[in-house]
Amino acid sequence: MMELVPMLDDVVLVGHNVAFDFNFLQNALDRCGYLPFAGRILDTLDFLKICFPSLTTYQLGMVTSHFGIIHDRPHHADSDALATAHVLLKCLDELSTLPLITLQRLSELFAAEDSDLGWFFDGLCQEKEKEPVQDLESFHFYRQLALAVEDWTEMTPPRDDEDENPLKQVDFKQYMEDIEKRLRDIMPHYEARESQNIMFDEVINALSNDKHLLIEAGTGTGKSLGYLIPSIYQSVKQEQKVMVSTHTINLQEQLRERDVPLLTQVIPFPFKAAIFKGRQHYLCLRKFEHKINRRDFMNPKDDTIISAQMMVWLAQTESGDDEELNLGGRGGDYWETVSSDSDSCLGRSCPWFRKCFYHRAKHEAGIADVVVTNHSKLFTDVKAGHQLLPPYERLVIDEAHHLEDVAGKHLGMHMKYFTVVHTLTRLYKDSRNGQLPAMRQQLQSSAYEQAGQWVSVIDRLSEHLVEVKENWDKLSELLFSIIPERSDANSADSGQYVLRLKPSARPKEWDALAALENNLYVTISEIVRKGERMLNEFKEEQDDYGADSLITDIGGLFKDLATERDNLRFFITLNDETVVYWMEASGHYRSKSLQLYAVPVDVSKQLKDLFFDKKKSVILTSATLSVDKSFQYMIDNLGLQEDADHGRLVTVQLPSPFNYRDQALLVIPRDFPSVKGSIGDALFVDTLVRSLADAAVATHGRMMVLFTSYRMLRQVHEPLKNALAASDIAVLGQGVDSGSRSKLIRRFQDSSASVLLGTSSFWEGVDIPGEALTCLAIVRLPFQPPSHPMVEAKSELLQRQKKNPFMKLSVPQAVIRFKQGFGRLVRTAQDRGIVIVYDTRVIESYYGKYFLYSLPGPKMEHMQTDQMIPRISEWLHEDKQRKSVEN
């Protein structure tokens, strides 16, 4: 300490998450009788967030490897300190590239906080101001912000109108030959794949002959290019847009970052593929400007950092899409207040209109040949009377096995407790916070004749809003209280309560609930009516953009409130026999976690009316569309039967590009104990833990275990961790170990030996190629809990149609999920691996064969549990020998 204290004079203390180190230092100074450290403190965590708003992680080890900084002994003090210093230098380099106006705005932002960041940015501005030449070329400056992109009105179509169509004399075969030649030039190892070639032909035939197509393309087919290349041909040749829809934003991002850039290189003429997401993914520059100018911050410390991140991001982003940002935990609430939405859009009268990210994306989609959107946006567009997406006649639906679910959610209703609370608090949180208090403040300092009148309207509205919040809380508590507090034995997550409500058998409390809802309905209607009248009067009087912006935002919130009022009325009326009504909540957060659902039981007729009858050609593709080699389940559920009968539907199952007999071994321990419900008894859990531990040792970790219930995952997690502790194999559990799904997967891939335990969301969309995953264990067949309201209602409908719900619904659903799970294992032609299925129903029950026959032909063997590990070791050894022979 004696040596250290003189060094602390006049220094700035920098650390990664510096408060942690600072507390150690203060305690030590205090303990040794010195005065506390009073110097300035800077945190590289804040710097990284501000300078690199798009980094996926700010963890020191990950950041250093991202930047290629040598950090040989993570979590050792000296190595960490050196790495932190390099990270700081990296951030300072980045800040030096920012334009002066951005630095000035940052300085202004932190000055109000009286923080050391304020001191730092103030100094940085002074330095930058001394530089003679400022970089005016790289950025576009507008209303005191620096942007990376010019006005979207400057964007031109990919080809000139005067030019001849590049495909005028070119047939599809010539076009494909040209592309293949270019692919070979770029990728010397390129090999044409039989299944992909079939897909090219099937897709172009369906598009050009106005047919619908169901095409199952397993892993490794290259299905994104399989539909994009023919779609571009069709679109450019016929000058008609093709729409492509994915289920996940992840796949949309993959198309943007991987597939479209490749196509730009190999397609012999200029074309445009645009990505178009839901409106809430784009930043509204008007709201953002308004927020930072007025410092309208709910959590000043967090919100200041997020605002700084976004200022820097504006100088980098070309799309204004929130997927590019890493805003951390509080970021979601912040984003909600600055994201674009139709109700508060000023349209052409907005000063930001030509810079607007949403209108940029919309314009880009308008001039593009192919537009990539997602299923949610597809249905939002249908509900909005086709105002959102550019018109299209041909549609490709990827990840099509999710279409029915998404359709139900969008054609039905889903509402959370916080949906209403957010709207209410954004209008009025307390006398100082919210859009109405902001407007009241503005009116008090204004010279309008009616200002006094409007202020008293605002005061009355505020009282009503407080009353609505109280009644909504009461109603939510009452609704929560009628959900039976039983954690369903089959529910995927413990502490999740579900209650289905039937029009014919309403709970006895329903009349009291309906009275409370009626009260809410009347009060909200009154708020909306009076509020909108006041806004209209005010609008006619004022001519100030700042006030205009506020009026629009408040008007938008009134519209949201009216929608929520109508949705609640629809739910409480509870009178449509074709709709499934249910509530969900969690035992931990009680009424605050309440969710209300009202979803049509059968969407096949609506899908038929909205898409298959209206569009010339719809192509549905996924790795899992067939059950036991038949597409009937999808045809029934998506409303394609009539097209099938009239020869307008083509179905194709592509051959797998992989040699599954060599690449995958499926093992079933035939004497394994069985289990009822979602909790395993002691015998089952002990046997499972022992078997998993032995298998993990045999495969050196690198193993993923899929559960159908979160409770069973928790039962296994701790004992498995203990069983593997001596072998240095880590165990990562979804929901047990912290981190999102993608973070857990990254940790699994980065560690040399680990076992990853996952439930529902890990069954699909997880891509872990190569050595990282050698063994996949499936604990139970993935049947949906029969008590889930949606499953129950569909079963009743099938029974009324004299069909067997188990064979028509439960088995096909589970088979598709099982195939998705199996598909995690082999991701490339080089991958080899083992699948263990611990559920003996696959060989004992009459329906087990549907599961096994639906797989793409792995080697299948069943044996006693104790013979399993020697067989796995032997199979892996054969693999090693084969590789050494090849080398």
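A: Start with a side-chain pair. The side chain of N374 makes a polar contact with the side chain of Q252, at 3.0 Å. Keep in mind that this is a predicted model.

Q: Where is N374 placed?
A: N374 is in strand β8, which covers residues 370–374.

Q: Is N374 buried or exposed?
A: N374 is buried, with a relative accessibility of 5%. The cut-off for buried is under 20%.

Q: What is N374 in contact with, leaving aside its neighbours within four places in sequence?
A: The contacts of N374 are S245, T246, H247, I249, Q252, F276, K277 and G278.

Q: F276 is in that list. Which residue lies over the face of F276?
A: That is K377. K377 is 4.1 Å from the ring centre of F276.

Q: And what sits over the ring of W875?
A: The charged end of R832 does, 4.0 Å from the centre of the W875 ring.

Q: Switching to rings. How many aromatic pairs does the structure hold?
A: There are 35 aromatic pairs. One of them joins F172 and Y175. That pair is tilted, with 5.8 Å centre to centre and 35 degrees between the planes.

Q: Why tilted?
A: Because planes under 30 degrees apart count as stacked and those over 60 as edge-to-face, with the rest called tilted. The F172 and Y175 planes are 35 degrees apart.

Q: How many residues apart are F172 and Y175 in helix α8?
A: They are 3 residues apart in α8, which runs over residues 172–186, so about one helical turn separates them.

Q: What about Y846 and Y847?
A: Y846 and Y847 form an edge-to-face pair. The centres are 5.3 Å apart and the planes are at 85 degrees.

Q: Buried or exposed, each of them?
A: Y846 is exposed, with a relative accessible area of 54%. Y847 is buried, at 9%.

Q: Which residues do ring pairs link with Y846 and Y847 into a cluster?
A: F783, F806, F818 and F851 are in the cluster with Y846 and Y847.

Q: On to strands. How many residues of β5 are buried?
A: 5 of the 5 residues in β5 are buried. Both faces are covered. H212, L214 and E216 are on one side, with L213 and I215 on the other.

Q: Which strands does β5 pair with?
A: β5 pairs with β15, residues 649–653, in the parallel sense over 5 bridges. β5 also pairs with β14, residues 617–622, in the parallel sense over 4 bridges.

Q: What lies in the loop between β5 and α10?
A: T219 is in that loop, with β5 at 212–216 and α10 at 223–238. T219 is buried, at 16% relative accessibility.

Q: What is T219 in contact with, beyond its neighbours within four places in sequence?
A: P657, F658, G823, V826 and R827.

Q: How far is T219 from L499?
A: Their C-alpha atoms are separated by 38 Å. Along the chain, T219 and L499 are 280 residues apart.

Q: What about the loop between α9 and β5?
A: D210 lies there, α9 being residues 194–208. D210 is partly exposed, with a relative accessible area of 29%. Phi of D210 is near 55 degrees, a positive value.

Q: Last topic. What does UniProt place at residues 182–446?
A: The UniProt entry, which is unreviewed, places the feature "domain: Helicase ATP-binding" there. In the model, the span of residues 182–446 is 52% helix and 10% strand. Its end C-alpha atoms lie 67 Å apart.

Note on methods: Residues numbered from 1 in each chain as written. Predicted model: local features only at pLDDT ≥ 70, side-chain atom pairs only at ≥ 80, totals over all residues. Heavy atoms only, no water. Phe/Tyr/Trp six-rings, centres within 6.5 Å; stacked < 30°, edge-to-face > 60°. Helix = DSSP H or I, 4+ residues; strand = E, 2+ residues; numbered from the N terminus. Buried < 20%, exposed > 50% of the residue type's maximum accessible area, 1.4 Å probe, protein only. Lys NZ or Arg CZ within 6 Å of the ring centre and 35° of its normal. UniProt positions renumbered as here; feature names shortened; annotations may be inferred. Contact = heavy atoms within 4.5 Å. Polar contact = N/O pair within 3.5 Å; in protein donor to acceptor, adjacent residues only side chain to side chain. Pairing = 2+ DSSP bridges.
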